[in-house]
Amino acid sequence: MKLHPLFSREQIAARVRELGELVAAKLPEDNTPTVAVILMKGAMWFAADLLRHLPPTLRVEPVRVSSYGNARTSSGQLTWHTPCPTCNGCRVLLVDDVLDTGLTLQAVQEELLRKGATQVLTAVAVDKQGARRTAVEADYAAFRIKSGFLVGYGMDCAEAYRNLPYIAELSADE
């Protein structure tokens, strides 16, 4: 396997800071509680960086779901490893590492609304537009690319590469 760096640590930090300012500016200052729902494991790097730029009154709820397992393509089936939190009367910021097929983001969005969220905004580290199987779009994306299998900054291949401080495309040896 070969790594092709796409976004450096410095590019990520600068873009996440900008994105945090955009998200913070859109969160109304009212009495509606805001919950950041973090899709684990991949989004925890992005979420940790992003949430540092948001109001400190957010409640944080980790949710572990998967549709890839150890494969490089989505199975199309979402597996819930932890239950989706009840968000009665709350605004939700749903944070994910990569928006790929859209199946996970759409399913979790729908479940959060079913569980009482008044609004679900979405933020992703990377919007990978070439593999979309749903009409779901991210409200906020740090980076946008067409395609490629991404690793680093939380994204993995069979649980490896998550801890890279940059985002890279992983390809077969050339």
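**Close-up views of a predicted model**

**View 1. The largest nonpolar core.** In this predicted model, the largest nonpolar core holds 29 residues, and those with the most contacts inside it are F46, L50, L93, V95, V126 and I167. A nonpolar core here is a set of buried Ala, Val, Leu, Ile, Met, Phe, Trp, Tyr and Cys residues joined through side-chain atoms within 4.5 Å; buried means under 20% relative accessible area, exposed over 50%, and partly exposed in between (1.4 Å probe, protein chains only). Two or more residues of this core come from each of α1 (9–26), β2 (34–40), α2 (44–51), β5 (91–99), β6 (119–128) and β7 (140–145). Helices (H or I, at least four residues) and strands (E, at least two) are DSSP runs, numbered from the N terminus. A second, separate core has 20 residues, including V35, V65, C84 and L105.

A word on conventions: residues are numbered from 1 along each chain as its sequence is written. Local features need pLDDT of at least 70 and side-chain atom pairs count only at pLDDT 80 or more, while totals for chains, interfaces and linings use all residues; side-chain values use heavy atoms, with hydrogens and water left out.

**View 2. V95 and its contacts.** Setting aside neighbours within four places in sequence, V95 is in contact (heavy atoms within 4.5 Å) with V37, I38, L39, A43, F46, A47, L50 and A123.

View 3. Strands β2 and β3 (residues 59–66) run parallel and are joined by six bridges; two strands pair if DSSP finds at least two bridges between them. Within this pairing, V37 has E61 in β3 as its bridge partner. The chain passes from β2 through α2 to β3 in a right-handed β-α-β crossover, meaning that with the strands pointing away from the viewer, the path from the first strand over the helix to the second runs clockwise. Strand β3 is also joined to β4 (residues 79–80) by two bridges, and these two strands run antiparallel. Here S66 stands opposite T79 in β4.

**View 4. D49 in helix α2.** Take a look at D49, which has its place in helix α2. With 28% relative accessibility, D49 counts as partly exposed. Not counting residues up to four places away in sequence, D49 touches V16 and Y153. A24 is 25 residues from D49 along the chain, and their C-alpha atoms are separated by 13 Å.

**View 5. Q109 in helix α3.** Helix α3 (residues 103–114) includes Q109. Is this glutamine, Q109, buried or exposed? Q109 counts as buried, at 17% relative accessibility. Apart from neighbours within four places in sequence, Q109 is in contact with L94, V120, T122 and V136.

**View 6. The three-stranded open sheet.** Three strands, in the order β1-β9-β8, form an open sheet with antiparallel pairing. β1 (2–7) and β8 (150–151) stand at the edges with a single partner strand each, so one side of each is left without a neighbour in the sheet. Two bridges join β8 to β9 (residues 167–171), and L150 stands opposite E169 in β9.

**View 7. Stepping back to the protein chain.** Three helices and nine strands make up the secondary structure of the protein chain. Buried residues account for 47% of its 174 residues. The C-alpha atoms fill a box of roughly 55 × 35 × 25 Å, taken along the principal axes.
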